[in-house]
Amino acid sequence: MALAGTAAHAPEHVVHDKAKMKLVGLWLFFFSESVLFGLLLSARFYLERINREEVDQLLGLGITCVLLLSSVTAFTAETAIEHDRRKLAGWMLVVTILLGTGFACGVGFEWGTAHFSKEQAFGSIFFTMTGIHAAHVISGIGLLVLTWFQLARGRFSGKDHWPVSGTVMYWHFVDVVWVFFYPALYLVK
Amino acid sequence: MKANVIAAVVFWAALTLVGEAFALSDLFPAVGSDQAKDFDHIFRFLLFLGIPVFTVAVSVIIFSLLQFRARGPEEDGPAMRGTGLPPRIWLAVTGCLAVGVMIYPGLTGLSKLQSTGSGFGWGDTDAEIVIKATGQRWFWSFEYVGQDVTVIGNGREVVLPVDASIKFEVNSIDVIHSLWVPAFRMKIDAIPGRTTFMTVKTIELGTFADQQSFRIQCAELCGLDHSAMESPVRVVTRAEYDDWLASQKSK
Amino acid sequence: MYALKSVAGALGAGLIGFYLGIGGLGAVRALAGYDAWDTEMSITFGYVFGVIGWVMGAGMWGAWGREWFGLRTYDRKAPGWQRYFVFNTDHKVIGIQYLVTFIVVFLLGGLMAMLMRAELTHSGHQLFSNAQYNSIMGLHGIMMIAVAVAALVGGIGNYAVPLLIGAEDMAFPRLNALTYWLIPPVALTLLCTPLLGGIETGWTAYPPLSVLTNNAQILFDVAIITFGLTSILGGLNFVVTIIFMRAPGMTWGKLPIFVWAMFATAWIALLYTQGFAVSLLMVLLDRVAGMSWFDAANGGDPLLDQHVFWFYSHPAVYVMVLPGFGIALEMISHFSRKPLFAYRYAVGALLGILGLSGVVWAHHMFTSGMPNYLHGPFLVATELISIPTGLIFLCALGTIWMGRLWLTTPMLFALAVIFNFACGGVTGIFLADVPTDIHLQDSYFVVAHFHYTIMGGEIFALFGAIYYYFPKMTGRQYNERLGKIHFWWMFIGFNVTFFIMHWPGIQGMNRRIADFMSDLNTANLIVSLAGFFLGASFLVFVFNMVWSWIFGPAAERNPWRARTLDWQTDSPPPLENFPVPPVVRGHPYDYGVPGSVHALFPGRGAEEPPRPPSTFPGAAPAPAGGGGGGGGGG
Ligand code: HEA
Ligand code: HEA
Ligand code: CUA
Ligand SMILES: [Cu+2]
């Protein structure tokens, strides 16, 4: 321990690695959220095993691609701000927001056209799982809008961009969840 | 140290003896079935094992309270860190105890209770007498299969023959209930959408009027009148049972 | 003034949010061609926006929310007692906020218990109808569970953990304040349930009953989901704090045992709490959206809920008891003036319980009609847990053995934890064995078991911890004689009440009933009387606390002569705890080890404030934390 050094001037505080703490905090949050999604996934197989109603495959594939693409643009935004390319970052955030909104609309459309009812077990599963996931997408969009707003006011830089990184990580997490939900809801059987 | 250990062990032994004597006292309600006999036996067995465990904690605490007491923080005790053998011995003893009760009476008792691996209930899957028990807020109905007899409603007596194996097939039409006969020491939940069962073997005569544990009792909170969802049970001889069936049919 | 502003702001913004939620939903529904008002949906929306309004109004907007919009944040710096009523980010204030709130909830829950015991003095109906009884019982259960989950973790944990590890605060102070401010709406919402007919389902809220029952269930669902959220956020905060905020030199092997316990607890809260949320969410969707998770006729399954619910609620019992063990071991070591016996095994035990807690849940479902092949594995896993739990006993008993037991009130409570939990744990084995559980499940035997574990194990630890930290928190000393009276009164009352309660259980008295078989009259009367006796003991406690907080004599910095860091700073500690950050050198519990030091405060030597005259030899002033009888050199 750097005992001798600290002894001289009675430092106010030990310096903590705040950036790392935030990062770990976020990961722990994802950890906890994974349990939420994991439980829903288990509930789906518990009730219906691998049975599945007919769903709109084209739409499912489409929104999945849209969401995955949005992860790429979000990633680009983060890299851009790391290199102080604020303008590119801003545009990439906008594209991400649009793609995310597209995904949410796609889910909404699926809800409107699905031929099964929420009163049947598969319907309950389908609407709950897509609903909870979409709620996360929408809150992610909210966060993206807030970060974009601040970015537009010139707040972030290559050195100080934690909110952008945090939001983008959240966005990736929501995407990864969909990577598990999509096969469970659209592909199995 | 040595004197203290001996004194504490003696104290523990004395407490344990008192405790075990208490375990011998009559704790159980009336015995109505084979399963009840098993339960009483296993419960008492666990009590015999559990009391010494409990008294270890109690005797060390009381002994230390009396023996190692100090007025204030003036002096420190010996710096025993508890490494080496003592914790390992403790681990071995408790480990053996835990694995022991796990095997007997745990798993052995379980295998005696379950005749199928994939079913939903206790005991044999077939029996001489089959009764379909259906829970509903807030009463049971019992249909004697093949007899065209049904007992419905709280307070209506359910009559069973002695020395017979009786299978309750349990169902519910609204919420979860649970079929429990304290004298038989058996219960199983009634779940909508799934038939569960329990098979008991009656071995003693008994009536609710004499022994209140001869009753069917709902044991899962099912709302407003959960506490009233009970019916008396009467275990009678075979002849009386046949008479009773006949009298019920004529109604 | 600040206090008023903050509380009024919280209430006002909460109400505005509530009506906005209802109104917004109503507008959308009306546009879509439905009735604007749908009781449960409207309440849910109103609640969600109401809670957001509440926390924002309490000061989160100024301290945090503005930042999201790129605005400058500000704090309400309230002086004196008013700091307890604002969105304060100081962990010590939050700890006390938690404690006081939950003591109030505890007393209310206890009052419910008194009402229940009054009804149960005799078979037949005395005071309440079945409906009233059910709602009192459910409220007692859930309020006490909330106390058990959050009072020790949120109160003592928040207060003590940063002090014990030598940190200036928790890792995320604003998040910490948020977790506290979410609690009052939860409590208020639960207290509102009788207005909508009362909770009918007990604290477990099993469907289909919870789907079919009255509207109060919706309040229960949303309140408990919020409560789960605070649990998760709190757990996250503790994990990060303990990993990153330890003082230099505070290695994992030197961590006070309470901090270890909080670490294990925080992981449990973080990992499993979602289970409760998911189970209640599914109930909520069945109710509000007409889904069929639990409707067997449409392909649902009631047992699904029990699996998900107990997936959380079994680990939750360790959220309750692990910090209790931790603080009890802590006190036992300080007051026995001996090193913690088998420290490493205790840590292993805590982590072992953490590991096993997630794989035993179905022992609550042995009679639920789940498939037979599940019973065996869950029986085995459950009984395995007694091995790590036994190690905690080894640690406690080994520490008091040959110690110099200083029987202060906190020490008595700590010993009572071990005493009571031995009984509660052993009865757990009866329940874990399927052949005995078939009879005992849902009987008063279970009720006795869990009061022995929760109340005997955790609530006793909570009260011990309150006495233990009272001087540190308030800067005043409580009245020791009253403390001891409270202890013996509560201890005797508790054991009589709940020990006798096993017997009606074996005899076949089922839980959650307002009316029971007449042959159990005597036993229940005794239990009730003992219960009233127990309840009265808390009057002593409340009096002692209130009186001593106002009039008590000033407390020393380290009245217990304990070695851990929390006692090496002023009572009460200054804003960021340690004017000079400590550097940890040795083990916290090395009593009786000559020359051992737990921590040093570099550079403080000369300006060291005069310490109270010490009554024991060798307490050299400079290396604070030396403390032990060996005297701190170095
Ligand atoms: C703090 C809370 C707490 C704690 C710590 C525990 C601890 C344990 N509990 Fe308990 N339990 C509850 C709170 C708690 N419980 C609650 C609230 C309920 C009811 C919920 C409801 O339905 O409302 C419940 C219900 C409950 C049931 C379901 C009963 C039923 O409804 O049918 C079971 C069944 O297995 C059980 C078992 C155990 C076991 C095996 C332990 C073990 O962890 C105990 C281990 C400890 C020891 C065994 C003692 C010390 C060990 C030694 C000295 C070593 C040597 C001993 C041996 C090897 C045996 N508990
Ligand atoms: C922390 C957990 C905790 C604690 C401390 C207690 C404390 C007590 N409990 Fe609790 N109890 C539970 C948790 C707890 N309980 C749970 C989870 C259930 C299950 C619910 C369910 O089935 O869903 C339950 C159920 C339960 C039942 C079974 C109900 C039933 O199944 O029908 C009973 C019956 O006797 C009971 C009794 C008591 C008593 C007498 C106390 C006593 O210790 C209380 C002590 C008394 C006080 C604390 C009162 C002090 C107050 C005053 C003196 C007045 C001043 C106060 C004000 C002015 C506000 N409890
Ligand atoms: Cu039916 Cu309780
Ligand atoms: Cu459990």
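The protein donors of the copper ion (ligand 4) are C:H314 (ND1), C:H363 (NE2) and C:H364 (NE2), at 1.8 to 2.1 Å from it; donors are N, O and S atoms within 2.8 Å of the metal (3.2 Å for Na, K and Ca), and water is not among the atoms, so sites may look incomplete. This is a predicted model, in which local features need pLDDT of at least 70 and side-chain atom pairs count only at pLDDT 80 or more, while totals for chains, interfaces and linings use all residues. Residues are numbered from 1 along each chain as its sequence is written, chains are lettered from A and ligands numbered from 1 in the order in which they are written, and side-chain values use heavy atoms, with hydrogens and water left out.

**Copper ion (ligand 4)**
- Along the chain, the donors follow the spacing H-x48-H-H.
- C:H314 lies in helix α10 of chain C and C:H364 in the loop between α11 (343-356) and α12 (375-384) of chain C, 50 residues apart, and the pair links distant parts of the chain. Helices are DSSP runs (H or I, at least four residues), numbered from the N terminus.
- C:H314 is buried, with a relative accessible area of 4%, whereas C:H364 is partly exposed at 26%. Buried means under 20% relative accessible area, exposed over 50%, and partly exposed in between (1.4 Å probe, protein chains only).
- The copper ion is 4.5 Å from the iron atom of ligand 1.

**Ligand 1**
- Ligand 1 is surrounded by 31 residues (a heavy atom within 4 Å); the closest are C:Y318, C:D437, C:Q441, C:H449 and C:R511.
- The site is shared between chains, because residues from chains B and C surround ligand 1.
- A polar side-chain atom of C:W203 lies 2.9 Å from an oxygen atom of ligand 1, and one of C:H449 lies 3.0 Å from a nitrogen atom of the ligand.
- Six residues of the shell, the largest share, come from α14(C).
- The shell has 17 nonpolar, 12 polar and two charged residues. Ala, Val, Leu, Ile, Met, Phe, Trp, Tyr, Cys and Pro count as nonpolar, Asp, Glu, Lys and Arg as charged, and the others, Gly among them, as polar.

**Ligand 2**
- Around ligand 2 there are 34 residues, and the closest are C:R117, C:Y133, C:H140, C:H451 and C:R512.
- Oxygen atoms of ligand 2 lie 2.6 Å from a polar side-chain atom of C:Y133 and 2.6 Å from a backbone N or O atom of C:R512.
- α3(C) gives the largest share of this shell, nine residues.
- By class, the shell holds 25 nonpolar, six polar and three charged residues.

How values were computed. Polar contact = N/O pair within 3.5 Å; in protein donor to acceptor, adjacent residues only side chain to side chain. Helix = DSSP H or I, 4+ residues; strand = E, 2+ residues; numbered from the N terminus.
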